[in-house]
Amino acid sequence: MDIGIERIGFYTPNSYIDIVELAKARGQEPDKFTIGIGQDKQAVPAIYEDAVTMAAESADQILDDSNKKDIGLVIVGTESSVDESKASALFLMDLLDLPENVRAFEIKEACYGATAGLQMAYNFVSTNPGKKALVVASDIARYGINTPGEVTQGAGSVAMLISSTPQILKLENKSAYMSRNVGDFWRPTFSKTAFARGKFSNQIYIEFFETLWKRYQKEFDVTADDFKAMLYHIPYTKMGTKAMRTLEGKISDEKYAQLQAEYKYSIQYGREVGNLYTGSLYLGLLSYLINSAVTPGDELLLFSYGSGAVGELYSAKVCENFKQYIHVKNVQSLLNNRKKISISEYESIFSQSVRDGESVDPSVVTGEFYLSEIKENERLYKTKQ
Ligand code: HMG
């Protein structure tokens, strides 16, 4: 039985900052941010947006009355949870009017959460072939004003419908994974911003990729030549390049050049929005499928990395009519119709939040779903009429 991604949706907030303007405001060389880090723009979420509203936005694009009734599993992968107890997936069910006969919950393991969800969805569909699983990655990456990580912030979500009728990507059930307790990046429950040992996190990311690639080749008897492209978790777009450099000299120069060229297609959207945390790998996948010349049957290798840390390397095959099932115009209009805000506007938004007893004026909302108020410390969401 084939199992894989039947539909994929993407959302990023309507406002962004220009990375050159950020560099100038922070007294940095613009080239450090655009070349050394590899970013152009950074998404800035509005105060009424969070992991729940963004998850609803991306999932709504791929659901209709017919596929909703077949869903048996709803997973939100996020490290930007809005509640220590209740899962984002439950708010999502309400906003999207999903049926109650499902298992709905949240997975947290930094940027690995959605991949854990995807693998769980694979297992779910393999034992329930007529059912589908909704896996949504949704996050706000925040390090704080004037921190080294600030240039790598971002926000957005990617939703995937997993089923036994994959139309976009067939998962191959070939995977190498590893976990280790590492202090490279963390966010204590009291803090809205993450703490990172930046250079150390780069080092662990690369080490995990190298270890898993060695293991993957041995276990599945493959070489780099078996893959059209290698897609990476993209905290900032230079990161995948750094991991890929470990292949230089170990594979043919032609193959290395080809993989580097393919990688460029996968980072086009990441350059425009920044880190989506657990959605970053999947935005990279979407970027690659839309912008490259990939053809049906091509094999892709995907590297998922979540600080803390868990890594997984797995392969997937591009489906026959994948282009028909991707909403290219939606993705492009979402990215092209955003509003640039100044660095001081971004700094002001960064310091604001909706507090208990406050409500949001719906006329300022740009998307479909929003946090409408916090009442008795409970977050209440609405769909824009
Ligand atoms: P930094 O110390 O400000 O930057 O922090 P740097 O000094 O390392 O410079 C960055 C690059 O710019 C270097 O290139 C410089 O040479 C270059 P590299 O050596 O790395 O190839 N550079 C220039 N290039 C062109 N023109 C110039 C110029 N000047 C310098 N004029 C750092 C950078 C990424 C560490 C920081 O932003 C950070 O801490 N970010 C957050 C942590 C992070 O993203 N880690 C990535 C791996 S961990 C991960 O992916 C998981 C994560 O997504 C979280 C999760 O799982 O939930 C983060």
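The buried residues of α9 are covered by parts that include β11 (229-232), α8 (238-244), α10 (268-273) and α11 (280-291). Contact here means heavy atoms within 4.5 Å. Helices (H or I, at least four residues) and strands (E, at least two) are DSSP runs, numbered from the N terminus.

Some housekeeping. This is a predicted model, in which local features need pLDDT of at least 70 and side-chain atom pairs count only at pLDDT 80 or more, while totals for chains, interfaces and linings use all residues. Residues are numbered from 1 along each chain as its sequence is written, and side-chain values use heavy atoms, with hydrogens and water left out.

Back to the helix. Which residues of α9 are buried? They are Lys255, Tyr256, Leu259, Glu262, Tyr263 and Ser266. Buried means under 20% relative accessible area, exposed over 50%, and partly exposed in between (1.4 Å probe, protein chains only). Seen down the axis of α9, the buried residues fall within an arc of 130°, so they line one face of the helix. That arc is taken from the directions from the helix axis to the C-beta atoms. On the face turned away from the buried side, α9 carries the exposed residues Asp253, Glu254 and Lys264.

Now the aromatic rings. Rings of Phe, Tyr and Trp (its six-membered ring) pair if their centres lie within 6.5 Å; planes under 30 degrees apart count as stacked, over 60 as edge-to-face and the rest as tilted. By this rule the count comes to 16 aromatic pairs. One of them is Tyr232 with Tyr263, edge-to-face, at 5.7 Å centre to centre and 85° between the planes. Tyr232 lies in strand β11 and Tyr263 in helix α9, so the pair ties together parts that are 31 residues apart in sequence. Tyr232 is buried at 1% relative accessibility, and Tyr263 is buried at 3%. Both tyrosines belong to one aromatic cluster, together with Tyr205, Phe208, Phe209, Phe303 and Tyr305.

Last, a residue in a loop. Thr12 is placed between β1 (4-11) and β2 (15-18). Is Thr12 buried or exposed? Thr12 is buried, with a relative accessible area of 1%. A polar atom of the Thr12 side chain lies 2.9 Å from the backbone oxygen of Ala155. For a polar contact, the pair of N or O atoms must be within 3.5 Å; within protein, one must be able to donate a hydrogen and the other to accept it, and residues adjacent in sequence count only if both atoms are side-chain atoms.
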